[in-house]
Amino acid sequence: MADTHKQWLEELEAESKVKQEQFMNDIASKLRHPRMYDKPNHPFRGAPDFWNAFEWSEEERIQAFTDNFLSVGGHVARLGSMDEVKSFIVQKAEEMSAKYVIRQNQPELDALGLESALTGSSVSVWNTDDEQYWRARAAEADFGIVIADHAVAYTGSVTVLSAPNKGRSVSLLPTVLIIIIPIERLKTRLGEVLVTFDEAGREQLPAGIHFISGPSRSSDIENDLTIGVHGPGIVYALLVE
Amino acid sequence: MAGAKTEATVKARADLALNDEFLRKAVRFTTERLRNGKKKATDEHGNWEDWRERGKQIRLHTIAHLDYYLNLFVNNARANGVHVHFATNTEEAVKLTLDIAEHAGAKSVVKSKSMVSEELHLNHALESIGVEAVETDLGEYIIQLAGEMPSHIVIPAIHKNRYQIADLLSKEAGYTLPPDTTALAGFVRKKLREKFLDAEIGMTGCNFAIAETGSMVLFENEGNARMVSTVPKTQITLMGMERIIPSWSDLEVMATLLPRSATGQKLTMYMSGITGPRRSADADGPDEMHIIIIDNGRSLQLGDPEFQELLNCIRCGACLNACPVYRHIGGHAYGSTYSGPIGAVLTPSLNKNIAEWDDIANASSLCGACYEACPVKIPLHDMLVYLRRRKVESGNGSKMESIGMQGFATIMGNSSRLGGVLRLGKLGQKLVVRSGVIKTKLGPLKGWNTYRVTPSLPKESFRDRWDTLDQELKQGLKQMEPSMQNRMEELVRKRELDEKQGKGGHGHG
């Protein structure tokens, strides 16, 4: 079966490569130029120059991020240390009686010692056991805990990148999402984060790059805003010095 | 889905829409809300014209070099481990999808919003081989249960009220749900959670595809696009061949324009860039990822100076919200996948079938609000005129209109003939004038008089009064105050000077 599946995919690929040439030749002939194989000069790449020169101070960034995140129904807390992060999470878990907590497998999170601090909840750590169906573990979780790779003040967004130790499901499937944002990762503009993916290049990119700007929402029923339609309905952004 | 087209023309469908009081109010309310949101967001962001111009330049550049950028995207996506396929038309795209579904042994497919999938009428095809297709966007799910088509590109269930929605969802639940938004959305969340975890295939559209890294980008608010691209084992992405942008840096411009124009948001709640299937050590994401690149009439616009810019469209829906005609008749009246001004141009262009779709181009007041609203400055109102011209040139013009125009030329070409006709008209209208206006819906006046009345011809026409007016005017000029006369003459001199220097024109910049 595995072989036939592989064969089928190879057949499709062979067909696709033939079709690719037809497609590109057809496009070139309709555009009335010979096939282009060299990178064309792209004078308008990215945002306008005046925008790229725009930058806020750290205080302005924190203020703007906070305002934006609150305006879409998210929650923000500014904390002085990772110890404060720990007490914040413990307090929230007790308040909401979180039974299942899932977190990314990162040293900063190991250091919080949530497994022993959260006495009323069972804490699982992403992808630490090959036998688990991790998507289901994330789906049943009340809390998901992640660390932001980047954040953007102007749009009030947080960026999380996937990796073997960092599941996409952890920021998506739980009811409550807690995002820890080390303050030095908070940038002014979206472009400051996006350009890092151009610089990294294709081979370095993770499978999933996700910008999260607040709780899941919809206005599809009579324009009435509903929070938490598919993704987490409660989102805490913890800005940590 | 196309089967829902029970009435043949936009006009007939619009009559249906106009009769539905709720739809009309809902459309007006929603478009108003979205339009105000856009205005607020763009004002707040500032320099909106600079951003529009930048967006237009990036799209123009990419489309002008589409063979290079699309090819680059395909090669990079393959290098990321994606299985890339090409479909010239609907049939090929459907065949590929069904082939993939069969090989995945799929019983159900969860879908996030995709306009391309609407173009293909894929749900129907999947059901024909026994695969359940579930729309997971809240609005799309509702209209799927109702068996209808989306009426707005951004808010597809704009035409349903909460009572109708509660009825639909109660039928699905098997118990009665209250007509309360939170309760209804809560039911959908629970119901679709099971579907996400069960389905073998997740299907998405594609807002942008980044050529230099082979990544695809999705904008959404609910999280369902993330679900369908994270949970199922196989992912299929349907992508229009023109969705390309060169780089992640260019994405900043699109991310600035799209959410603000669509809903007035600074950014949608989720923006995801997906680069290939799950890495072997990752514990989630699809094992197998397919991207089907679809032409389906798009390439017909390439090299066409009047319509190539259609491919710049980023599917924000701002032109719908700005359009006085759309706001009045709603999306279903257009009878096609894409509605509003963009639909009026895109549908006949993709189908290259001017004869069948010609009446959509006429459902426009050519006011240019669509162009003003467009974040990438597509001259939609000009295109509507080109379409009308092509329709007439191809011999599909309205016969009555041609006869009318010929008659108009005959009468207007000779002043005594016009005078005669007007005198005849004054006599003839005595048959139909009631309290100073004409309300009859007989003969050629039916279309006009359905929603308004025709004024009767005045007892004394402008032509009759011209001799007297001419006299008065000449007298008046003589008596004009010297200061006023100087000012008028100054204005005329200035205008003549400007015209000589090639400035000005007639304000149609």
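Q: Quick one before we start: when do two strands pair?
A: They pair if DSSP finds at least two bridges between them. Keep in mind that this is a predicted model.

Q: Okay. Which residue stands opposite Val109(B) in β3(B)?
A: Ala133(B) does. The two strands are β2 (residues 108–111) and β3 (residues 132–135) of chain B. They run parallel, joined by 4 bridges.

Q: What holds paired strands together in general?
A: Strands of a sheet pair through backbone hydrogen bonds, either parallel or antiparallel.

Q: Switching to chain A. What is the strand order in its sheet of 6 strands?
A: The order is β1-β12-β7-β4-β2-β3. The sheet is open and its pairing is parallel.

Q: Which strands stand at the edges there?
A: β1 (75–79) and β3 (122–125) of chain A. Each has a single partner strand, so one side of each is left without a neighbour in the sheet. From one strand to the next, the twist averages 20°.

Q: How many bridges join β4 to β7 in chain A?
A: There are 5, and the strands run parallel. β4(A) spans residues 143–147 and β7(A) spans residues 176–182. In this pair, Phe143(A) stands opposite Val176(A).

Q: Which helix lies across β1 and β12 of chain A?
A: That is α3 (residues 58–71) of chain A. It runs at about 150° to β1(A).

Q: Which residues is Ile145(A) in contact with, leaving aside neighbours within four places in sequence?
A: Ile89(A), Val101(A), Arg103(A), Leu109(A) and Ile178(A).

Q: And how far is its C-alpha atom from that of Asn105(A)?
A: They are separated by 9.9 Å.

Q: What does UniProt list for residues 63–240 of chain A?
A: The record, an unreviewed entry, lists "domain: LUD" for them. In the model, the end C-alpha atoms of that span lie 14 Å apart. The span is 28% helix and 29% strand.

Q: Which strand of chain B does β9(A) pair with?
A: β9 (residues 270–274) of chain B. They pair in the antiparallel sense over 5 bridges. One of the bridge pairs is His210(A) with Ser272(B).

Q: What is the order of the 8 strands in the sheet with β9(A) and β9(B)?
A: β8(A)-β5(A)-β6(A)-β9(A)-β9(B)-β6(B)-β5(B)-β8(B). This sheet is open, with mixed pairing. β8 (186–187) of chain A and β8 (244–245) of chain B stand at its edges.

Q: How do β5 and β6 of chain B run?
A: Antiparallel, with 3 bridges between them. Phe208(B) stands opposite Val217(B) in β6(B).

Q: Which helix lies across β5, β6, β8 and β9 of chain B?
A: α12 (residues 248–263) of chain B, at about 170° to β5(B).

Q: At what angle do α2(B) and α12(B) pack?
A: About 140°, with their axes 6 Å apart. That makes α2(B) oblique to α12(B). Their contact has 2 nonpolar, 5 polar and 2 charged residues.

Q: Last one: at what angle do the axes of α8(B) and α9(B) cross?
A: Roughly 75°, and the axes come within 10 Å. That makes α8(B) roughly perpendicular to α9(B). Ile142(B), Leu145(B) and Ala146(B) of α8(B) meet Ile165(B), Leu168(B) and Glu172(B) of α9(B). By class, that is 5 nonpolar, no polar and 1 charged.

Technical notes: Residues are numbered from 1 along each chain as its sequence is written. Chains are lettered from A and ligands numbered from 1 in the order in which they are written. This is a predicted model: local features need pLDDT of at least 70, side-chain atom pairs count only at pLDDT 80 or more; totals for chains, interfaces and linings use all residues. Two residues are in contact if their C-beta atoms, placed from the backbone, lie within 7 Å. Axes are lines fitted to C-alpha atoms, for helices over the stretch in contact, and angles run from 0 to 180 degrees between N-to-C directions. Angles under 35 degrees count as roughly parallel, over 145 as roughly antiparallel, 65 to 115 as roughly perpendicular and the rest as oblique. Ala, Val, Leu, Ile, Met, Phe, Trp, Tyr, Cys and Pro count as nonpolar, Asp, Glu, Lys and Arg as charged, and the others, Gly among them, as polar. UniProt positions are given in the numbering used here, feature names are shortened, and annotations may be inferred rather than shown by experiment.
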